[in-house]
Structures are given as structure tokens and as C-alpha cells.
Amino acid sequence: MRVPALLLALLSVLAPASADEIASGSTFLSPELRRRQGDPNRNPAWFWVDQGKELFAEKPATGQACLGCHADPAASLRGAATHYPQVDRPSGKLLNLESRIEQCRVERQRQPAFGYESAELLSLTAYVASLSRGLPMSVRTDGPARPFYEAGQAFFERRQGQLNLSCKQCHDGLVGQKLRGDTISHGAGTGYPAYRLEWNTVGSLHRRLRACSLGVRATQFDYGSPEYLALELYLAGRAEGLPVETPAMRR
Ligand code: HEC
Ligand code: HEC
């Protein structure tokens, strides 16, 4: 039965990475930081979640509060974050959770966008994502999402920057190795927005991606850029089945 054996071997090479192989970033934290992350009184990111919850209920100058349309968010928005990034219909644009919230802000509340990395957007995103804590990531990578996913994968595998390193070389090849005091993880990114000690505040996944781009002296793309959105979709697809851990803590 040589052919089936070969087929099986091939399949295991071609199969997308699953949660069996990919561990969350929290797995690679020091025990002390992991304890701190798990204690709401010592994890400062919960402050952003609480702010987000308040903002969610606040009535803007015009239009309704988020809560006005999304009643009982703990139930109605539970699981929402597990499906982002996703392709918006009918625009065909790839939206992450931040861009979906901005879309509601601009189109439904008729208010100016908050802007990436604003305290408001970080808080609302952390709050909405926290409503999916413990639920498995489950993004669409087929159909209209496919080209974005493939662009993200190509980005992940391409060598870049003065150091000529791909994301994959670190977040696949060097997992578990130490780098400047960090232990390299799979780059799952399932805990964002996260409180990072180095930032002394909460930041988005794209802020983390910018740090990695800088680390290899490569182009840093803008927050919300098509490049990072595609990359985010690829990372989310790779993290399929891993629980949402927002709000996480990182070094
Ligand atoms: C006027 C009503 C309205 C307001 C105000 C509003 N939204 Fe929405 N929101 C919607 C509708 C309608 C959808 C699309 C629901 C769908 O079909 O998935 C949506 C979708 C969303 C989603 C995606 C849900 C999912 O399952 O994919 C999130 C997250 C969200 N809104 C957050 C917010 C936040 C945060 C605010 C306040 C800044 C807000 N919304 C304000 C009506 C509103
Ligand atoms: C030189 C090695 C290196 C390269 C190349 C690199 N990173 Fe990282 N990355 C790190 C280190 C170190 C950390 C912090 C520890 C950790 O969580 O892995 C990190 C963290 C991350 C995280 C946060 C994971 C989490 O759950 O907190 C993501 C996501 C990530 N990287 C994605 C990328 C992407 C996408 C690329 C390619 C653009 C990339 N990285 C390139 C070393 C690298």
C-alpha cells in the first residue's frame, strides 16, 4: 500500500496548520506574566475593556448608542470577534474588527471615525473582542476571502527587510527560541488588543505587526493597510480553533 501512504504524507504536508500545531501567544509567556494576565485586578487591559463597555452605552451627539442597535451585547455580539477579518458585502473589502466598528461609527452613528490606535477604538475593540473570550477562532478563508488569505500567506512567507527574514522563519522555524528576552511564539495574535509592557499601554494587532516589521528593518505598513489586513486574515486562519484571549498581556 505504498500509494496511500505517500498520499497521506503529502496531505499532511499540504494541510493547513491546525490548533494542534499552533499554540497561543500566552503559552510562551513567563509564568509570572501569565498569572498577571489571568488576574483581572493585575491585568491593566481590563481597564480598556471597561472603558469600551461604557463607550458602547454612550449616546453620541447624533445617532444612537452602539447599545441602541446592539442590545444585550454579551449575547448578541458573543462570538462576533471569532469571524474577523471577514469580507464585507457588498463592498468586497476585507474588514477586521476595528474596521467593522469604524464602519458602524461612520455609517450608522454618522460620527467621525475614531481612528486606529485611538483610546476609543482600542477600548471598543477590546470590549467587543472580550465578549468572545474562550470561543474558537473561525474565519472564512474560502470564497471571496481566498485572495486576501493567499496574499497574507505570501506576505508571511516572503523574506523581507535588511535582515532578509520572513515572518515564517521566526514564527514557524524558530518557535520556542529566545530573542531579546522574548520567547518566539507562532504569532497567533489571538489576544489583541493587548496590554504590552514595552508599550505601557494597550495596542492593536497592527501595532504588534509594525514592531515585527521594524524588527527585521522592513517596510512598516500603515495601521489598517491592505497588507496587514491580509496578514491578519492569514494569521487568524492559521489560528483556527484557538480561543480568543482578549485582553491579553504581553512583554
Ligand atoms: C443604527 C444601528 C447601529 C449602531 C448605532 C451601531 N451598529 Fe453595529 N451593526 C449594526 C448592524 C445593522 C450591523 C450588521 C449586522 C449584521 O448583519 O451582521 C452591525 C454590525 C456590527 C458588528 C459586527 C457584528 C458581527 O457579528 O459581525 C460589530 C462588532 C458592531 N456592529 C459594533 C458596533 C459598535 C461598537 C457600535 C458603536 C460605535 C455600533 N456597532 C453601532 C447596527 C448598528
Ligand atoms: C526575527 C524574528 C521575527 C520575525 C521575522 C517576525 N517576528 Fe513576529 N514576533 C517576534 C517576537 C520575538 C515576538 C514576541 C514574542 C511572541 O509572541 O512571539 C513576536 C510577536 C509577534 C506577534 C504577537 C503574537 C502574540 O500572540 O502576542 C505576531 C502576531 C507576530 N509576531 C507576527 C509577525 C509577522 C506577521 C511577521 C512578518 C511580517 C513577523 N511577526 C516577523 C519575532 C519575529
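## Stop 1: around ligand 1

Helices here are DSSP runs of H or I with at least four residues, strands are runs of E with at least two, and both are numbered from the N terminus.

Before going on, some ground rules: this is a predicted model, where local features need pLDDT of at least 70 and side-chain atom pairs count only at pLDDT 80 or more, while totals for chains, interfaces and linings use all residues. Residues are numbered from 1 along each chain as its sequence is written, chains are lettered from A and ligands numbered from 1 in the order in which they are written, and side-chain values use heavy atoms, with hydrogens and water left out.

Now show ligand 1 with its surroundings. There are 16 residues around ligand 1, and C66, C69, H70, Y84 and C104 are the closest. (A residue is near a molecule if one of its heavy atoms lies within 4 Å of it.) Sorted by class, this shell holds 11 nonpolar, 3 polar and 2 charged residues. The nonpolar class is Ala, Val, Leu, Ile, Met, Phe, Trp, Tyr, Cys and Pro; the charged class is Asp, Glu, Lys and Arg; the others, Gly among them, are polar.

Next, pick out the polar contacts, meaning pairs of N or O atoms within 3.5 Å:

- Y84: a polar side-chain atom sits 2.5 Å from an oxygen atom of ligand 1.
- H70: an N or O atom of the side chain is 2.8 Å from a nitrogen atom of ligand 1.
- R108: a side-chain N or O atom is 3.5 Å from a nitrogen atom of ligand 1.

To see where the shell comes from, colour α4 (66-69) and α6 (97-108), the elements that give two or more residues to the shell around ligand 1.

## Stop 2: the iron atom of ligand 1

Which protein atoms hold the iron atom of ligand 1 as donors? Select H70 (NE2) and C104 (SG), which lie 2.0 to 2.3 Å from the iron atom. Donors are N, O and S atoms within 2.8 Å of the metal (3.2 Å for Na, K and Ca), and because water is not among the atoms, sites may look incomplete. The site has 6 donor atoms with angles of 86 to 178° among them, and is octahedral. For six octahedral donors, the ideal angles are 90 or 180 degrees.

H70 is partly exposed at 28% relative accessibility, whereas C104 is buried at 19%. Buried means under 20% relative accessible area, exposed over 50%, and partly exposed in between (1.4 Å probe, protein chains only).

## Stop 3: ligand 2

Move to ligand 2 and show the 23 residues around it, of which C167, C170, H171, C212 and R250 come nearest. The classes here are 13 nonpolar, 7 polar and 3 charged residues. Colour α10 now: the largest share of this shell, 4 residues, comes from α10.

A polar side-chain atom of Y192 lies 2.7 Å from an oxygen atom of ligand 2, and a polar backbone atom of G189 is 3.3 Å from an oxygen atom of ligand 2.

Then zoom in on the iron atom of ligand 2, coordinated by H171 (NE2) and C212 (SG) at 2.0 to 2.2 Å. This arrangement is octahedral because the 6 donor atoms subtend angles of 85 to 177°. H171 is buried, at 18% relative accessible area, and C212 is partly exposed at 31%.

## Stop 4: salt bridges

How many salt bridges does the structure hold? There are 8, each a side-chain nitrogen of Lys or Arg within 4 Å of a carboxyl oxygen of Asp or Glu.

- R100 and D88: the closest N and O atoms are 3.0 Å apart, and both residues are buried.
- R140 and D142: the closest N and O atoms are 2.8 Å apart. R140 is exposed at 58%, while D142 is partly exposed at 38%.
- K168 and D172: N to O is 2.9 Å. Both lie in helix α9, 4 residues apart, about one turn of the helix.

Finish by selecting E32, R35 and R42, which salt bridges with shared partners join into one network.

Definitions and conventions. Polar contact = N/O pair within 3.5 Å; in protein donor to acceptor, adjacent residues only side chain to side chain. Tetrahedral: all angles 85-135°; square planar, octahedral: opposite > 155°, others 65-115°.
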